[in-house]
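Here's a protein model to talk through, charge by charge. Have a look at it first, then we'll go over some questions.

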Amino acid sequence: MTTPRYTVPGMKPDAASEVITLLQDRLNALNDLALTLKHVHWNVIGPHFIAVHTMLDPQVDGVRVMVDDVAERIATLGGSPSGTPGALVAARSWEDYSIGRDDAIAHLGALDLVYSGVIADHRAAIGETEEADPVTQDLLISQAGELEQYHWFVRAHLENADGTLRSAGASTEKEAARAATD
């Protein structure tokens, strides 16, 4: 990332550059999450189809708002947000979502891992922006709260009566999907 020629008042361009780089990673993750959620929305089947299908559209819409907010923050800081599919794929450190047409609960098991990763990285970014840019930190905190609520909606479908998750301990989406339906 290049250092911006200008940034917000009170922030040095080198600090803005660091925050822009961090935000670009969050932008990639959120764009990927929105696409993954829509993919799941289109590919759920089974007796829980309608509950999961209708639960996901508001999550897609909410994540798309987050995408726009992050991209606009990058621009505000003097950066140029990159939102093309090729740039996302080239920059991401994770693999494509691995579940196709499958049972709704299987998808939720896999989404549990997806949300866990996005939220953990958002929380790390919150810590990294505390000194450099409290405005960006506030944005990320707000988004993390929404993402955690969406994650809770997913996990509510996976929770056993004793409070454990059916997909607990899975380390891949396919393992989580399988465990969720066993």
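What follows is a set of questions and answers on salt bridges, a charged patch and a few distances.

This is a predicted model, so local features need pLDDT of at least 70 and side-chain atom pairs count only at pLDDT 80 or more, while totals for chains, interfaces and linings use all residues. Residues are numbered from 1 along each chain as its sequence is written, and side-chain values use heavy atoms, with hydrogens and water left out.

Q: How many salt bridges does a search of the whole structure find?
A: The term here means a side-chain nitrogen of Lys or Arg within 4 Å of a carboxyl oxygen of Asp or Glu. Searching the whole structure that way, the count comes to eight.

Q: Which residue is linked with D25 and R26 in a network of salt bridges?
A: Start with the pair itself: D25 and R26 form a salt bridge, with their closest N and O atoms 3.2 Å apart. D25 is partly exposed at a relative accessible area of 32%, whereas R26 is buried at 1% (buried is under 20% relative accessible area, exposed over 50%, partly exposed in between, with a 1.4 Å probe and protein chains only). The network that links these two also takes in D121.

Q: Which helix gives the largest share of the negative patch?
A: The patch on the surface gathers D68, D69, E72 and E146. Patch residues have over 30% relative accessible area and no salt bridge, and like charges are joined within 9 Å; Asp and Glu count as negative, with the charge placed at CG of Asp or CD of Glu. D68 counts as partly exposed, at 40% relative accessibility. The largest share, three residues, comes from helix α2 (residues 49-76).

Q: How far apart in space are D68 and R178, C-alpha to C-alpha?
A: D68 lies in helix α2. In sequence, D68 and R178 are 110 residues apart. In space, their C-alpha atoms are separated by 34 Å.

Q: Which residue's backbone oxygen does the side chain of N43 reach?
A: N43 lies in helix α1 (residues 13-43). This residue is buried, with a relative accessible area of 17%. At 2.8 Å, the N43 side chain reaches the backbone oxygen of H39.

Q: How far apart in space are E175 and A110, C-alpha to C-alpha?
A: E175 is in helix α6 (residues 173-181) and is partly exposed, with a relative accessible area of 32%. E175 and A110 are 65 residues apart in sequence. Their C-alpha to C-alpha distance in space is 7.9 Å.

Definitions and conventions: Patches are made of residues with over 30% relative accessible area and no salt bridge: like charges are joined within 9 Å, nonpolar side chains (Val, Leu, Ile, Met, Phe, Trp, Tyr) within 5 Å. Accessible areas come from the Shrake-Rupley method with a 1.4 Å probe; for residues, only the protein chains shown count as cover. Helices (H or I, at least four residues) and strands (E, at least two) are DSSP runs, numbered from the N terminus. A polar contact is a pair of N or O atoms within 3.5 Å; within protein, one must be able to donate a hydrogen and the other to accept it, and residues adjacent in sequence count only if both atoms are side-chain atoms.
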